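Look at the structure first, then read on.

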Amino acid sequence: MHSSHLLLEEPIRMASILEPSKASFFPAMTKIVGTLGPKSRSVDVISGCLKAGMSVARFDFSWGNPEYHQDTLENLKAAVKSTKKLCAVMLDTVGPELQVINKSEKPISLKADASVVLTPDQGQEASSQLLPINFDGLSKAVKKGDTIFIGQYLFTGRETTSVWLEVSEVKGDDVVCVIKNTATLAGSLLTLHASQIIIELPTLSDKDKEVISSWGVQNKIDFLSLSYTRHAEDVRQAREYLSKLGDLYQTQIFAKIENIEGLTHFDEILQEADGIILSRGNLGIDLPPEKVFLFQKAALYKCNMAGKPAVVTRVVDSMTDNLRPTRAEATDVANAVLDGSDAILLGAETLRGLYPVETISIVGKICAEAEKVFNQDLYFKKTVKYVGEPMTHLESIASSAVRAAIKVKASVIICFTSLGRAARLIAKYRPTMPVLSVVIPRLKTNQLKWSFSGAFEARQSLIVRGLFPMLADPRHPAESTSATNESVLKVALDHGKASGVIKSHDRVVVCQKVGDASVVKIIELED
């Protein structure tokens, strides 16, 4: 398995590029987040998505009501049960998203060089001359010459389905714009983005809070994707809000960086958040095109060094209605992996795209190929240097486990963890082999009843590159004192063998706590 890890710096025989890739149990180390919606909510399609490699399901509350999303989630649970593949749940907030209200859902044709008025009067009917919006402060936020983009849910950047406007004058509450390109806007939800304009709206709206406190609590969401995060304070407020909602104190917050404000405060946001989503759709509008790649590389490097998962969005837009990605998109996915991304997030491609399962499958294949040429050696040295000395106890154990695994060409690293922290630290050093994170449940009580923790921790590692969780049986001790076969290690090894990751005579690196000490050991398997 590991002899196939070649580096781009090494001379590659061109013919070897054409050799078919070997199928493996884990489609790729890089994870895939799929947005579930009209084209991907049946049990059959969701099962296909899980088998193709989706490990996190995203529910976008920019559209659809909680009942609609609940039905989709029930289908997801059924699919998880039938495929026996774990899947985490991410709730994506609406946040201060500006929208054009098109009640009739009739297509709106806009012609270049004509004028169109944006009005906060939502009682009006949307037409080629007038577009009602859900925000009454736009006229105070923009000035003559500013740029506004409008497009169907998730601005695609395609010149026929999204429109570019330039503000020509502000009349009271209305904003008059000149249309820069001919386009047809279709659908009920059209997102409006004012480029490099500060919008004074709360990051967590009242509607978001209502959804989180009902739908989120009921379904014990694993991740909250905080749209339009602009300051570290946004994350702190969201965390404070979650801490009062029962089990949601365990929910991880992923800050979604979508505009110049979020970019400016990136370092503080990264310190507060559990992970980062680089929302390249909106960012691509706020940033000049030649700067997008630079932000991606810098942001992913910072996330990697902090050991926090980074998710990249908007990679294969054209697969919304095509079976194959463009050449640029295929290269883009691979570059996101080489830049250090933990997961790829698919939005419109799975939500309303015609080929949700095929899209996940192709993205997974590209990720797997890119991982083979990822320069782990250089990355490892860079990370160790960044962390510096003296290392913390856990960091030292994690880096040693990865170094040992690479030196002995182990087929897998098995890590026993209760909070998932140790496993995430191992994954931070990007080992070339999968990390099997065995979550040991902890017994807790609220004086009225007993309950086990661990399920959240297991599902939350489904967004971290290279980390594959399994929940241990709480009755099994982490390491049996006598040589009984009931130790959790045996269960983990059996799981590895059954899934084809571990074969006889393979070496396995195990990382676990024995008493107060953390131990890294190497085992060689017999027949």
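**Helix and barrel packing**

Helices H2 and H13 are roughly parallel to each other, a label for angles under 35 degrees, with over 145 called roughly antiparallel, 65 to 115 roughly perpendicular and the rest oblique. The model is predicted: local features need pLDDT of at least 70, side-chain atom pairs count only at pLDDT 80 or more, and totals for chains, interfaces and linings use all residues. Residues are numbered from 1 along each chain as its sequence is written, and side-chain values use heavy atoms, leaving out hydrogens and water.

**Overall**
- The protein has 18 helices and 24 strands. These are DSSP runs numbered from the N terminus (helices: H or I, at least four residues; strands: E, at least two).
- The C-alpha trace spans about 80 × 65 × 50 Å along its principal axes.
- The radius of gyration is 24 Å, which agrees with the value near 24 Å for a compact globule of 527 residues. It is taken over C-alpha atoms, and the globule rule is 2.2 Å times the number of residues to the power 0.38.

**H2 and H13**
- H2 covers residues 43-52, and its axis lies 8 Å from that of H13, at an angle of about 5°. Axes are lines fitted to C-alpha atoms, for helices over the stretch in contact; angles run from 0 to 180 degrees between N-to-C directions.
- Val45, Gly48, Cys49 and Ala52 of H2 meet Pro356, Val357, Ile360 and Ser361 of H13. Contact means heavy atoms within 4.5 Å.
- This contact of H2 with H13 has six nonpolar, two polar and no charged residues. Nonpolar covers Ala, Val, Leu, Ile, Met, Phe, Trp, Tyr, Cys and Pro; charged covers Asp, Glu, Lys and Arg; the others, Gly among them, are polar.

**Barrel**
- Eight strands form a closed barrel with parallel pairing, in the order E1-E2-E3-E13-E14-E15-E16-E17. Pairing requires at least two DSSP bridges between two strands.
- From one strand to the next, the twist averages 25°.
- E1 (residues 31-35) and E17 (residues 343-346) pair in the parallel sense over four bridges. Gly34 stands opposite Leu346 in E17.
- H13 (residues 356-372) lies across E1, E2 (54-60) and E17, running at about 160° to E17.

**H14 and H15**
- The axes of H14 (residues 376-387) and H15 (residues 393-407) come within 12 Å and cross at roughly 160°. The two helices are therefore roughly antiparallel to each other.
- Gln376, Phe380 and Val387 of H14 make the contact with Glu395, Ser399, Val402, Arg403 and Ile406 of H15.
- The residues of this contact of H14 with H15 divide into four nonpolar, two polar and two charged.
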